[in-house]
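Good morning, and thank you for joining this meeting. Please take a moment to look at the sequence and the structure before we go through them together.

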Amino acid sequence: MIIPATVLQFFPNFERSIIDYMARTIFSFIMAFYALTGFAQDKSVPLSIQVPAGNRLILHTYAKGVQVYICSQDPTDTSRYTWALVAPRASLYADSSYRQLIGKHYFDAGKNPTWQNTDGSKVSGVKLQQAGSPDSNAIPWLLLKAVATNGTGVLTPVTFIQRISTQGGKAPATAGSAQKGQTIEVPYTAEYLFYEKE
């Protein structure tokens with residue numbers, strides 16, 4: 001950049017200030033690029049649960065709660081017992097430190113997974129696809145399609161929901177007759193991403 005001599009006469013530090021500003025700006029762009037790249041790599045989502053084209057992310061929440069299971073007898077093999085999912089029960093937060101509560105997650109009366117925001121809006125979905133979590137002790141990642149919405153708020157226009165970054169929540173691997181009818185609550189965390197049509 002060439003600065004006229006008349007300008008430099010009155011502002012001797014002008015050129016250095018401009019150069020410093022440009023250097024800081026370029027550095028900020030570089031750091032932002034690497035931060036976004038790192039985020040994208042950490043949040044890479046399997047193709048099987050990616051949201052269809054034509055939809056955009058409108059809300060990213062962090063869930064903390066439990067997956068509730070009941071021990072039941074297999075009707076086709078009465079010697080076998082399994083843990084069946086009863087319902088999720090979790091709080092939704094705006095931040096990963098779980099400080100700003102913005103909603104809750106549960107099953108509705110029809111046993112559909114439902115998310116309700118503090119603004120009163122809610123959405124229920126059905127599972128379309130799932131992918132194994134990178135954490136073998138965690139529940140799967142999911143792609144769900146919205147089937148019903150209520151209220152007027154952030155969740156009203158939702159078309160798809162993703163569950164990613166799961167930790168915990170998996171049912172015990174074994175069950176026996178002594179546990180028949182018992183319920184357990186397995187702690188879990190996850191991130192739920194909500195999309196709307198572009």
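Is threonine 159 buried or exposed? At 15% relative accessibility, threonine 159 counts as buried, where buried means under 20% relative accessible area, exposed over 50% and partly exposed in between, with a 1.4 Å probe and protein chains only. Threonine 159 lies in strand β7. Not counting residues up to four places away in sequence, threonine 159 touches Asn55, Leu144, Lys145, Ala146, Tyr195, Glu196 and Lys197; a contact means heavy atoms within 4.5 Å.

A word on the source. This is a predicted model, in which local features need pLDDT of at least 70 and side-chain atom pairs count only at pLDDT 80 or more, while totals for chains, interfaces and linings use all residues. Residues are numbered from 1 along each chain as its sequence is written, and side-chain values use heavy atoms, with hydrogens and water left out.

Let us turn to the overall picture. The chain contains two helices and eight strands, in the order α-α-β-β-β-β-β-β-β-β along the sequence. Helices (H or I, at least four residues) and strands (E, at least two) are DSSP runs, numbered from the N terminus. Of the 198 residues in the chain, 32% are buried. Among contacts between residues at least 6 apart in sequence, 59% join residues at least 24 apart.

Next, the strand pairing. Two strands pair if DSSP finds at least two bridges between them. Strand β6 (residues 141–150) is joined to β5 by nine bridges, and the two run antiparallel; here serine 124 stands opposite alanine 148 in β6. β6 also pairs in the antiparallel sense with β7 (residues 158–168), over four bridges, and leucine 143 stands opposite glutamine 162 in β7.

I now come to the salt bridges, each defined as a side-chain nitrogen of Lys or Arg within 4 Å of a carboxyl oxygen of Asp or Glu. The structure holds three of them. One joins arginine 56 to glutamate 196, with the closest N and O atoms 2.9 Å apart. Arginine 56 lies in strand β1 (residues 55–74) and glutamate 196 in strand β8, so this pair ties together parts that are 140 residues apart in sequence. Glutamate 196 is buried, at 15% relative accessible area, whereas arginine 56 is partly exposed, at 44%.

Another salt bridge is formed by the side chains of glutamate 185 and arginine 89, at 2.7 Å from N to O. Because glutamate 185 lies in β8 and arginine 89 in strand β2 (residues 77–93), this pair ties together parts 96 residues apart in sequence. Arginine 80 and aspartate 74 also meet in a salt bridge, at 2.9 Å from N to O.

Finally, the aromatic rings. Rings of Phe, Tyr and Trp (its six-membered ring) pair if their centres lie within 6.5 Å; planes under 30 degrees apart count as stacked, over 60 as edge-to-face and the rest as tilted. By this rule there are three aromatic pairs. Tyrosine 93 and tyrosine 98 have ring centres 5.5 Å apart and planes at 75°, so their pair is edge-to-face. The rings of tryptophan 115 and phenylalanine 194 are also edge-to-face, because their centres are 5.9 Å apart and their planes stand at 80°. This pair links distant parts of the chain, with tryptophan 115 in strand β4 (residues 113–117) and phenylalanine 194 in strand β8 (residues 183–197), 79 residues apart. Both of these residues are buried.
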